[in-house]
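This briefing is meant to be read beside the sequence and the model.

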Amino acid sequence: MTEKERDHRITDVGTLKALAHPLRMKLYRGLCVADKATASQLADQVDEAVSLVSYHLRKLAEHGLIEEAEPQRADGRERWWQPASDGISIRDRDFRDAPEKAAAHLAATRLFHEQRADMYRRYLDERATWSAEWNAAAPDSESLLRLTAAELGELREELLALARKYDAKGRSAEADGDTEGREHVALYTYGFPFRI
């Protein structure tokens, strides 16, 4: 087992394609939320056969995206998995030098955005089951800005730093036993140029 890196940067098409499989991305996301899980636990979450989930977990592990975790039970019969890093990053510039790399990056990006949109649609469909406090706190906004590419990059870094600050704050509070009212929260930010 390795010490987790902060951010695993994906720069090769093979790893990108391994992650860009719809089920594998769901499994990876599920592991990030759970921190550690077995194939059986993840199979229940995604409603798939344990054998299929095990196969896809091994594929993610082959590419260094996840790794085996210490057994969580004394008998050690179950195989536990965890993310190999605190997160992943995929940068456009790493996939621009060849058409097949650019196509793989575009396909992966579309899948990630479709899954995120599906998660948000599910929240909207279930919105009535969440408290007024949660619904009032959940941001839903649009800002149309006039920026340079450098300014947008600076904004991206500031937003990432702010998200990491709140993630660390929440994890620290949870580690101290402060779990009352704490839920998993997905925060998506998109910034892109457009012309009218």
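**A buried lysine and its setting**

Lys-101 counts as buried, because its relative accessibility is 18% and the cut-off for burial is under 20%. The model is a predicted one, and in it Lys-101 belongs to helix H5. Beyond its neighbours within four places in sequence, Lys-101 is in contact with Val-13, Asp-94 and Phe-95.

**The chain as a whole**

- The chain contains seven helices and five strands, and these follow one another along the sequence in the pattern β-α-α-β-α-α-β-β-β-α-α-α.
- Along its principal axes, the C-alpha trace spans about 60 × 50 × 30 Å, and 27% of the 196 residues count as buried.
- When contacts between residues at least 6 apart in sequence are considered, 64% of them join residues that are at least 24 apart.

**Helix H5 (residues 99-126)**

- The 28 residues of H5 should span 40 Å at 1.5 Å a residue, and the distance between its end C-alpha atoms, 41 Å, agrees with that expectation.
- Lys-101 is one of the buried residues of H5, a group that also holds Ala-104, His-105, Ala-108, Leu-111, Phe-112, Gln-115 and Tyr-123.
- Which elements do the buried residues of H5 pack against? They pack against helix H1 (13-19), H2, strand E5 (88-90) and helix H6 (132-137).
- In an α-helix there are 3.6 residues a turn, so residues three or four places apart point the same way.

- H2 is made of 13 residues and reaches 18 Å from its first C-alpha to its last, which is close to the 18 Å expected at 1.5 Å a residue.
- The buried residues of H2 are Leu-23, Arg-24, Met-25, Leu-27, Tyr-28, Arg-29, Gly-30 and Leu-31, a list that includes the charged residues Arg-24 and Arg-29.
- H2 packs against H5 with the two axes 11 Å apart and at an angle of about 60 degrees, and the two helices are therefore oblique to each other.
- The crossing of H2 and H5 is right-handed.
- On the H2 side of this contact are Pro-22, Met-25, Lys-26 and Arg-29, which meet Leu-111, Phe-112, Gln-115, Arg-116 and Met-119 of H5.
- By type, the residues of the contact of H2 with H5 comprise five nonpolar, one polar and three charged.
- Among the H5 residues in this contact, Leu-111, Phe-112 and Gln-115 are also listed as buried in H5.

**The packing of H2 against H4 (residues 50-62)**

- The axes of H2 and H4 come within 10 Å and cross at roughly 80 degrees, which makes H2 roughly perpendicular to H4.
- H2 contributes Leu-23, Arg-24, Leu-27, Tyr-28 and Leu-31 to this contact, while H4 contributes Leu-52, Val-53, Tyr-55, His-56, Leu-57, Lys-59 and Leu-60.
- The residues of the contact of H2 with H4 divide into nine nonpolar, one polar and two charged.

- Where is Asp-35 placed? Asp-35 lies in the loop between H2 and strand E2 (37-38), just after H2.
- The phi of Asp-35 is near 75 degrees, a positive value in a residue other than glycine, and Asp-35 is partly exposed, with a relative accessible area of 31%.
- Asp-47 is in the loop between helix H3 (39-46) and H4, and its phi, near 55 degrees, is likewise positive in a residue other than glycine.
- Is Asp-47 buried or exposed? Asp-47 counts as exposed, with a relative accessibility of 69%.

**Gly-14 in helix H1**

- Gly-14 is located in helix H1 and is partly exposed, its relative accessible area being 34%.
- Gly-14 and Ala-84 are separated by 70 residues in sequence, and their C-alpha atoms are 17 Å apart in space.

Conventions
Residues are numbered from 1 along each chain as its sequence is written. This is a predicted model: local features need pLDDT of at least 70, side-chain atom pairs count only at pLDDT 80 or more; totals for chains, interfaces and linings use all residues. Side-chain values use heavy atoms; hydrogens and water are left out. Axes are lines fitted to C-alpha atoms, for helices over the stretch in contact, and angles run from 0 to 180 degrees between N-to-C directions. Helices (H or I, at least four residues) and strands (E, at least two) are DSSP runs, numbered from the N terminus. Angles under 35 degrees count as roughly parallel, over 145 as roughly antiparallel, 65 to 115 as roughly perpendicular and the rest as oblique. Contact means heavy atoms within 4.5 Å. The expected span of a helix is 1.5 Å times one less than its number of residues. Buried means under 20% relative accessible area, exposed over 50%, partly exposed in between (1.4 Å probe, protein chains only). A crossing is left-handed if the near helix is turned anticlockwise from the far one by less than a right angle, and right-handed if clockwise.
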